[in-house]
Amino acid sequence: MKYFKQFCMILLVSFAGEVLKLALPFPVPGSIYGMLLLFIALCTGVIRLEHVRETGLFLVEIMPILFVSAGVGLMDSWGDLRKILLPVLLIMLVTTVIVMVVSGYATQFIMHHKTNKKQPKD
């Protein structure tokens, strides 16, 4: 019953994100609004982490299974995708490198600030 309650809480926040998508004129998917709402609710304490932790961990564990249907859809669209394969591969390569570089710098920034906080001030 605990998992069901946590899953319903996550679904409710996702539904609120879908409602925001319909209400706001921005081209942002409802799932992004839902994630932002959940993030804000967790940061402000409206929803405590204990209220969604186990179900969130479960959803992260099964995430690869959720991509199977997307992969099948790509295989089904192979005829259309083949025409633009080179630009798509180039975009994927460039964005992957950008994400790796930004993630690396963000990690170094956070690690540097954590070590500065731990060092006693003279």
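I started with Pro25, which sits in the loop between helix 1 and helix 2. This is a predicted model, so I kept that in mind throughout. Pro25 is exposed, because its relative accessible area comes to 71% and the cut-off for exposed is over 50%.

Next, Val28. I found Val28 in the loop between helix 1 and helix 2 as well. Val28 counts as partly exposed, because its relative accessibility is 28%. Leaving aside neighbours within four places in sequence, I get contacts from Val28 to Lys21 and Tyr33. I took the C-alpha separation to Leu12 too: 18 Å, for 16 residues along the chain.

Then I moved to helix 1 and Gln6. Gln6 lies in that helix. Is Gln6 buried or exposed? Buried, because the relative accessible area is 3% and the limit for buried is under 20%.

Glu50 is in the loop between helix 2 and helix 3, the latter running 53–61. From C-alpha to C-alpha, Glu50 and Gln6 are 9.1 Å apart, while in sequence they are 44 residues apart. Glu50 is partly exposed, because it has 45% relative accessibility. I noted a polar contact between the side chains of Glu50 and Arg48, at 3.1 Å.

Thr55 was next from the Gln6 list. I place Thr55 in helix 3. Thr55 is buried, because its relative accessible area is 4%. Beyond neighbours within four places in sequence, Thr55 touches Tyr3, Gln6, Phe7 and Ile10.

Looking from the Val52 side, and skipping neighbours within four places in sequence, I have contacts with Gln6, Met9, Ile10, Leu42 and Ile47.

That took me to the core. Which residues make up the largest nonpolar core? I count 6 residues in all: Ile10, Val13, Leu38, Ala41, Ile47 and Val52. Helix 1 (2–23) and helix 2 (30–44) are the elements that give two or more residues to this core. Val52 is a member of this core, and two of its contacts, Ile10 and Ile47, are on the list.

How many aromatic pairs does the structure hold? I got 0. What I did find was Lys2 over the face of Tyr3, at 5.8 Å from the ring centre. Tyr3 had already come up as a contact of Thr55.

Last, the cysteines. A disulfide is a covalent bond between the sulfur atoms of two cysteines. I searched the whole structure for disulfides and found 0. I looked up accessibility for Cys8 and Cys43 anyway. Cys8 is partly exposed, because its relative accessible area is 32%. Cys43 counts as exposed, because its relative accessibility is 55% and the cut-off is over 50%.

Terms used:
Residues are numbered from 1 along each chain as its sequence is written. This is a predicted model: local features need pLDDT of at least 70, side-chain atom pairs count only at pLDDT 80 or more; totals for chains, interfaces and linings use all residues. Side-chain values use heavy atoms; hydrogens and water are left out. A nonpolar core is a set of buried Ala, Val, Leu, Ile, Met, Phe, Trp, Tyr and Cys residues joined through side-chain atoms within 4.5 Å. Buried means under 20% relative accessible area, exposed over 50%, partly exposed in between (1.4 Å probe, protein chains only). Helices (H or I, at least four residues) and strands (E, at least two) are DSSP runs, numbered from the N terminus. Contact means heavy atoms within 4.5 Å. Rings of Phe, Tyr and Trp (its six-membered ring) pair if their centres lie within 6.5 Å; planes under 30 degrees apart count as stacked, over 60 as edge-to-face and the rest as tilted. A charge sits over a ring if NZ of Lys or CZ of Arg is within 6 Å of the ring centre and within 35 degrees of the ring normal. A polar contact is a pair of N or O atoms within 3.5 Å; within protein, one must be able to donate a hydrogen and the other to accept it, and residues adjacent in sequence count only if both atoms are side-chain atoms. A disulfide is a pair of cysteine sulfur atoms within 2.5 Å.
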